[in-house]
Amino acid sequence: MAFLEDEANVRVDVASRTLWLSQIFNWFSKDFGEDANAVATTVCGWLRGDKKAALEELLQQGNRKVGLKYFAYDWSTNSARSLSFGDADTETESSSCSIM
């Protein structure tokens with residue numbers, strides 16, 4: 001599943017005119033637009049299917065702003081496995097690089 005298709009990263013709430021986004025969009029907000037509608041327009045260009053249609057519907061009502069809210073970021077997705085430091089039983093893998 002693509003990042004933007006996951007409801008944990010992007011959700012369009014038509015009833016409340018709210019676009020829910022991953023915290024990444026907040027951290028790097030200047031990369032996506034100057035205001036909420038600009039961010040929504042940028043994101044809409046990357047969506048497809050029902051989610052895209054719902055966001056397009058909100059954006060076509062140009063006289064009203066789209067609200068932005070952000071999901072809490074799940075840092076556990078950055079780790080392939082959880083490491084416990086200080087355990088004598090913990091195995092570590094090592095790799096080496098050689099420059100030729």
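Tryptophan 46 counts as partly exposed, at 48% relative accessibility, where partly exposed lies between buried, under 20% relative accessible area, and exposed, over 50%, with a 1.4 Å probe and protein chains only. The structure is a predicted model, in which local features need pLDDT of at least 70 and side-chain atom pairs count only at pLDDT 80 or more, whereas totals for chains, interfaces and linings use all residues. Residues are numbered from 1 along each chain as its sequence is written, and side-chain values use heavy atoms, with hydrogens and water left out.

Tryptophan 46 is placed in the loop between α2 and α3; helices here are DSSP runs of H or I of at least four residues, and strands are runs of E of at least two, numbered from the N terminus. Once neighbours within four places in sequence are left aside, tryptophan 46 is in contact with Leu4, Phe25 and Phe32, contact meaning heavy atoms within 4.5 Å. Leucine 4 lies 42 residues away from tryptophan 46 along the chain, and the C-alpha atoms of the two are separated by 7.6 Å.

The protein as a whole contains three helices and three strands, which follow the pattern β-β-α-α-α-β when read along the sequence. Of its 100 residues, 23% count as buried. Among the contacts with a separation of 6 or more, 58% are accounted for by residues 24 or more positions apart.

The two helices on either side of the tryptophan 46 loop were examined as a pair. The axes of helix α2 (residues 36-44) and helix α3 (residues 49-60) come within 10 Å and cross at roughly 150°, the axes being lines fitted to C-alpha atoms over the stretch in contact and the angles running from 0 to 180 degrees between N-to-C directions. Because of this angle, α2 is roughly antiparallel to α3, a term applied to angles over 145 degrees, while those under 35 count as roughly parallel, 65 to 115 as roughly perpendicular and the rest as oblique. The contact is made by Asn37, Ala40, Thr41, Val43 and Cys44 of α2 together with Lys52, Leu55, Glu56 and Leu59 of α3. These residues divide into five nonpolar, two polar and two charged, with Ala, Val, Leu, Ile, Met, Phe, Trp, Tyr, Cys and Pro counted as nonpolar, Asp, Glu, Lys and Arg as charged, and the others, Gly among them, as polar.

Aspartate 31 and threonine 42 are 11 residues apart in sequence, and their C-alpha atoms are 9.6 Å apart in space. Glutamine 23, by contrast, is buried, with a relative accessible area of 16%, and is located in helix α1 (residues 23-27). The side chain of glutamine 23 is joined to that of asparagine 26 by a polar contact of 2.7 Å; a polar contact is a pair of N or O atoms within 3.5 Å, of which, within protein, one must be able to donate a hydrogen and the other to accept it, and residues adjacent in sequence count only if both atoms are side-chain atoms. Not counting residues up to four places away in sequence, glutamine 23 touches Tyr70, Phe71 and Tyr73.

A further group of residues involves the strands. Arginine 17 lies in the loop between β1 (10-13) and β2 (18-21) and has a positive phi of about 55° although it is not a glycine; at 6% relative accessibility, arginine 17 counts as buried. Threonine 18, in strand β2, is likewise buried, at 8% relative accessibility, and its side chain is joined to that of serine 16 by a polar contact of 2.9 Å. Beyond residues up to four places away in sequence, threonine 18 touches Arg11, Val12, Asp13, Leu58, Gly67 and Lys69.

Glycine 67 is found in strand β3 (residues 67-70) and counts as partly exposed, at 28% relative accessibility. With neighbours within four places in sequence set aside, glycine 67 is in contact with Arg17, Thr18 and Leu19. Glycine 67 and serine 16 are 51 residues apart in sequence, yet their C-alpha atoms are 8.1 Å apart in space.
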